[in-house]
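Please keep the sequence and the structure in view while reading.

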Amino acid sequence: FVKVMKMALMLQLCAAAKASVVTGSSFGMPAIAVRGMAASNPMVRSSSIQFRSKSRFTVATVTASNVRTGETGNNVTPYIEALIGRNLHTKPEHPLGIIKGKIEEYFNSLEGSVKFEIRDSMEPIVNAKECFDDLLIPEDHPGRLPSDTYYISRKGGKDVSSAEDRLLRTHTSAHQSTLIREGVEAFLCTGDVYRRDEIDASHFPAFHQMEGVKLFDPELVGGAMTREEWLASDGCKLVADDLKKTLEGLCDHLFGEVEKRWIDEYFPFTEPSFELEIFYNGDWMEVLGCGVVHSEVLAKCGKSDRHGWAFGLGLERLAMVLFSIPDIRLFWTDDKRFLEQFKPGQVTTFKPYSKYPPCYKDIAFWLPDGFEPNDFYEIGRSVAGELVEKIDLIDSFENPKKGKTSHCYRITYRSMERSLTDEEVNALQEELRAKAASELQVELR
């Protein structure tokens, strides 16, 4: 609690509240980089103390909750906890809500008897079975490591993953098996997802994804069959063709008629799998990942006689392109100069209202065994919040005599609201150095 108090008071001094940086892969699987990202959350209970800063960023509320439990493997910070329940995707006047609304509008306009259920308030806390096992993501996949994922509990600690682990969802695909088991035939599931990642203008530890799924009538595409039979069947081709036609129409709905191309891809939970790219603003841009739902995924849901398709996309990624928003941190601001530029249902070009100078600070240290860069980035977020714009690895070398490796990182501090003083940046940098040494056991240089 003392640490939380200290953090909140530091943010008061720095005039910026908390919220950090990520987009993420366009289709469920964690640790796949993007190329070219609930109604009030029932998990957060209020015995709360609020600390209000002078910043226009939304104020963090320090609460007693079920996400920082002290259980084995828990690595959720107060900073991340404060982002849960913001529900930016449900606000019709917010850029993310506008994009979500346009996608739902398109699917509601499709001809035919299939109606897509809208699910946008599912709890962000899931178990590893839902998030990984049901989607055929193996236990040794890097996306399951604590260096990549925020765990509420992980009884095997850093090294051992299990189906019972509880975590903040890393993708909205985590709800696919739940909804299919419930008997939902077609749905669009949108929500906030969480991943530990690098820090720059397009990455934030909380971002928003939409998962779309459609199951087909067995009389149309066939029922139970072996995986090999299904992949060779006319039904599989029909499902893939319907998927591509549907998503090409979505792109035209969002971007206007554009040139498109399909790239064969691999995801463990779809087979075959694809990425859809469009030629936009003079370059090819990935829009989403998708595929025919893997037969084993459906079998795990008790639906071995069913077949369908699925896609996933990142709302921030699309909104940054369509609204010309240059920095992902802006989505989390409640500055009226940002929010009043947007109206429900309308895509308008963002007009920058300020650009304050950056302040650069370097930190160099010898790496301990098992060092993970994401652990260092997480400390940067917890210390400086939105005031850290970017962290770059600018030098790495090995000392053969010492048998050690050294990293030097450059931290770019910049507020989107005012000029930072040398005094406050120096204070942040010193806290960052102290935490890196004490929490990561790095040897400062």
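Which residues are buried in H10? In this predicted model, the buried residues of H10 are Leu 315, Glu 316, Arg 317, Leu 318, Ala 319, Met 320 and Leu 322. Helix H10 is thus mostly covered, since seven of its eight residues are buried. Just after H10, the chain reaches Ser 324, which takes a positive phi of about 60°.

Helix H10 (residues 315-322) packs with helix H3 (residues 95-109), and their axes lie 9 Å apart at an angle of about 100°. Because an angle of 65 to 115 degrees counts as roughly perpendicular, H3 and H10 are described as roughly perpendicular to each other. On the side of H3, the contact is made by Pro 95, Leu 96, Ile 99, Lys 100 and Ile 103, while H10 contributes Leu 315, Glu 316, Leu 318, Ala 319 and Leu 322. Sorted by class, the contact of H3 with H10 has eight nonpolar and two charged residues, and no polar ones.

His 208 lies in strand S8 (residues 206-216), and His 208 is buried, with a relative accessible area of 1%. Although His 208 and Asp 192 are 16 residues apart along the chain, their C-alpha atoms are separated by 4.4 Å.

A further side-chain pair involves Ser 173, which is placed in the loop between strand S6 (166-168) and helix H5 (176-181). The side chain of Ser 173 makes a polar contact of 2.7 Å with the side chain of Glu 211, and Ser 173 is itself buried, at a relative accessible area of 1%.

Where is His 294 placed? His 294 sits in the loop between strand S11 (283-293) and helix H9 (295-300), and at 11% relative accessibility it counts as buried. Not counting residues up to four places away in sequence, His 294 touches Leu 136, Arg 227, Pro 268, Phe 269, Thr 270 and Glu 271. The C-alpha atoms of His 294 and His 307, which are 13 residues apart along the chain, are separated by 8.3 Å.

Gln 429 is placed in helix H13 (residues 422-440). Once its neighbours within four places in sequence are left aside, Gln 429 is in contact with Lys 361, Asp 362, Ile 363, Ile 411 and Tyr 413. Gln 429 counts as buried because its relative accessibility is 4%, and the limit for buried is under 20%.

As for the cysteines, the structure holds zero disulfides.

| Residue | Relative accessible area |
|---|---|
| His 208 | 1% (buried) |
| Ser 173 | 1% (buried) |
| His 294 | 11% (buried) |
| Gln 429 | 4% (buried) |

Key: Residues numbered from 1 in each chain as written. Predicted model: local features only at pLDDT ≥ 70, side-chain atom pairs only at ≥ 80, totals over all residues. Heavy atoms only, no water. Disulfide = S-S within 2.5 Å. Helix = DSSP H or I, 4+ residues; strand = E, 2+ residues; numbered from the N terminus. Buried < 20%, exposed > 50% of the residue type's maximum accessible area, 1.4 Å probe, protein only. Contact = heavy atoms within 4.5 Å. Axes fitted to C-alpha atoms, helices over the stretch in contact; angles between N-to-C directions. Parallel < 35°, antiparallel > 145°, perpendicular 65-115°, else oblique. Nonpolar A, V, L, I, M, F, W, Y, C, P; charged D, E, K, R; others polar. Polar contact = N/O pair within 3.5 Å; in protein donor to acceptor, adjacent residues only side chain to side chain.
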